[in-house]
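Open the model in a viewer and keep the selection tool at hand. The stops below go from one selection to the next.

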Amino acid sequence: QVQMVESGGGLVQAGGSLRLSCAASGRTFSMYDMGWFRQAPGKEREFVAAIMWSGGRQYADSVKGRFTISRDNGKNTVYLQMNSLKPEDTAVYYCAARSVGAVRYAYWGQGTQVTVSS
């Protein structure tokens with residue numbers, strides 16, 4: 001089982017940057033695909049970005065070119081660098097983990113709030 005704690009959220013003006021961190025427990029962190037999701041008020045949770053255990057990356061179209069996901073297996077941490085933030089990026093951001101070969105993300109953090117002011 002993996003437990004995650006997100007940090008780095010906050011209030012930023014449009015055009016600014018934030019870096020989210022997700023610290024995970026467990027000795028096999030390197031064998032998990034890690035993802036970031038977000039949920040805005042009144043909307044469904046949506047995929048933002050993922051980094052596979054192999055290093056491959058995926059991004060939602062809405063964040064391509066602005067967000068970068070990375071991981072440090074030595075620190076059991078995954079990061080989301082968010083640049084050129086827009087008010088529509090305002091949401092609670094969640095970190096999630098998926099076992100290699102699994103379809104669904106089974107483990108979730110508690111979320112961190114990101115608010116982008118116009």
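Partly exposed means a relative accessible area between the buried limit, under 20%, and the exposed limit, over 50%. The model is predicted.

Select W108 to begin: its relative accessible area is 29%, so W108 is partly exposed. F37 counts as buried, because its relative accessibility is 11%. F47, with a relative accessible area of 29%, is partly exposed.

Now look at the rings two at a time. The pair of F37 and W108 is tilted, with 4.9 Å centre to centre and 55 degrees between the planes. This pair links distant parts of the chain, since F37 is in strand 4 and W108 in strand 10, 71 residues apart. In the whole structure, a search finds 5 aromatic pairs. Another of them, F37 with F47, is edge-to-face, at 5.7 Å centre to centre and 75 degrees between the planes. F37 belongs to strand 4 and F47 to strand 5, so this pair ties together parts 10 residues apart in sequence.

Next, select M34, W36, V78, L80, M82 and Y93. Within the largest nonpolar core, which has 29 residues, these touch the most other members. Strands that each supply at least two residues of this core include strand 4 (32-39), strand 8 (77-82) and strand 9 (91-99). Apart from this core lies another, of 5 residues, among them F37, A50, M52 and Y105.

Finish on the surface with M31, W53 and V100, a nonpolar patch with about 280 Å² of accessible area together. V100 sits in the loop between strand 9 and strand 10 (107-108).

Technical notes
Residues numbered from 1 in each chain as written. Predicted model: local features only at pLDDT ≥ 70, side-chain atom pairs only at ≥ 80, totals over all residues. Heavy atoms only, no water. Core = buried A, V, L, I, M, F, W, Y, C linked by side-chain atoms within 4.5 Å. Buried < 20%, exposed > 50% of the residue type's maximum accessible area, 1.4 Å probe, protein only. Helix = DSSP H or I, 4+ residues; strand = E, 2+ residues; numbered from the N terminus. Patch = residues over 30% accessible without salt bridge, like charges linked within 9 Å, V, L, I, M, F, W, Y side chains within 5 Å. Areas by Shrake-Rupley, 256 points an atom, 1.4 Å probe, with all protein chains shown as cover. Salt bridge = Lys/Arg side-chain N within 4 Å of Asp/Glu carboxyl O. Phe/Tyr/Trp six-rings, centres within 6.5 Å; stacked < 30°, edge-to-face > 60°.
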